[in-house]
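Take a moment to look at the structure below and turn it around slowly. Then read on, and we will walk through it together.

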Amino acid sequence: MAQHLRCYVYPAWEKRALGAIKPGDVQSWVTSLTTTHGLAASTSRTVFNTVNAVFRAAVRDRMIPHNPCAEAKLPSIPRKKIVPLAVEQVQTLSEEIPARYKGLVLLGAATGLRPGELFGLQLRHVDLLHATVSVEQQIQQTAKHGVYVCPPQTARSHRTVPLPRMAVDAMKAHLRDFPADGPGG
């Protein structure tokens with residue numbers, strides 16, 4: 001956030017009073033984030049959200065009467081087409097990596113879990129009898145906090161995912177070869 005402020009916000013707004021910034025100014029600035037600065041639509045939205053939060057706080061604190069960001073049109077984020085690996089590619093990958101990670105590759109391919117969700121799994125989340133995995137936490141990595149365990153990002157991310165027979169077999173083989181030390185393993 002500090003870098004976004006330093007690179008894209010302060011140069012545009014630091015010499016202007018909050019009340020002097022109009023909706024048209026904000027719209028021009030938002031457009032310039034992608035056209036002039038070459039930011040991706042998602043990054044432009046992130047930078048905008050920071051500025052919008054400042055203006056919302058200024059309205060709440062009665063420093064300005066209206067938020068000039070309120071009706072800004074943001075760049076649309078193109079949907080990325082997700083192309084899963086072919087079965088042969090998954091098999092090749094699982095055979096080429098160290099044996100300790102074969103189960104991870106097969107579980108990921110079978111469930112579609114995000115990497116952070118896969119890395120956050122513990123034995124207590126895996127129910128081989130009912131062939132399910134519960135997503136209750138994930139691993140995040142930030143420069144400030146390093147690697148840490150945290151809840152999934154949204155309430156909808158908490159879910160129970162069915163396991164196909166192949167994934168159940170892969171998990172049984174993994175746990176046989178690399179036993180977990182208790183439910184927290």
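## The whole protein

Keep in mind from the start that this is a predicted model. The protein contains seven helices and five strands. If you follow the chain from the N terminus, the order of elements is α-α-α-α-α-α-β-β-β-β-β-α.

How does the radius of gyration of the protein compare with that of a compact globule of 185 residues? Such a globule would have a value near 16 Å, but the protein has 23 Å. Along the principal axes, its C-alpha atoms fill a box of roughly 65 × 35 × 25 Å.

## Surface, burial and charge

Of the 185 residues in the protein, 31% are buried. The accessible surface amounts to about 12,500 Å², and carbon and sulfur atoms account for 56% of that surface.

Charged side chains are part of the picture too. There are 22 positive and 13 negative ones, and the centres of these two sets are 10 Å apart. Contacts tell you how the chain comes back to itself: taking those between residues at least 6 apart in sequence, 48% join residues at least 24 apart.

Strands of a sheet pair through backbone hydrogen bonds, and the pairing can be parallel or antiparallel. Here, three strands make an open sheet in the order E1-E2-E5, with antiparallel pairing.

Now look at the pairs one by one. E1 and E2 are joined by two bridges, and Val-126 stands opposite Val-133 in E2. Strand E2 (residues 132–135) pairs with E5 over four bridges.

## Two hairpins

E1 and E2 form a hairpin with four residues between them. Ala-131 sits in this turn and has a positive phi of about 55°. Most residues other than glycine have a negative phi, which makes this a residue to look at with care. His-130 also belongs to the loop between E1 and E2. Is His-130 buried or exposed? With a relative accessibility of 56%, it counts as exposed. His-130 lies 33 residues from Leu-163 in sequence, yet their C-alpha atoms are 8.5 Å apart in space.

The other hairpin is made by E3 and E4, with three residues between them. Strand E3 (residues 138–142) and strand E4 (residues 146–150) run antiparallel and are joined by five bridges. Gln-138 has Cys-150 in E4 as its bridge partner, and Thr-142 stands opposite Gly-146 in E4.

Leu-104 belongs to helix H5 (residues 102–111). Its relative accessibility is 28%, so it counts as partly exposed. Which residues does Leu-104 touch, leaving aside those up to four places away in sequence? They are Leu-118 and Phe-119. Leu-104 and Leu-118 are 14 residues apart along the chain, and 7.2 Å separates their C-alpha atoms.

Arg-62 is found in the loop between helix H3 (41–60) and helix H4 (87–96). Although Arg-62 is not a glycine, it has a positive phi of about 60°. This arginine is exposed, because its relative accessible area is 74%, and the cut-off for exposed is over 50%.

Conventions:
Residues are numbered from 1 along each chain as its sequence is written. This is a predicted model: local features need pLDDT of at least 70, side-chain atom pairs count only at pLDDT 80 or more; totals for chains, interfaces and linings use all residues. Side-chain values use heavy atoms; hydrogens and water are left out. Two strands pair if DSSP finds at least two bridges between them. The radius of gyration is taken over C-alpha atoms; the globule rule is 2.2 Å times the number of residues to the power 0.38. Buried means under 20% relative accessible area, exposed over 50%, partly exposed in between (1.4 Å probe, protein chains only). Contact means heavy atoms within 4.5 Å. Accessible areas come from the Shrake-Rupley method with a 1.4 Å probe; for residues, only the protein chains shown count as cover. Lys and Arg count as positive and Asp and Glu as negative; His and the chain ends are not counted. The place of a charge is taken as NZ of Lys, CZ of Arg, CG of Asp or CD of Glu.
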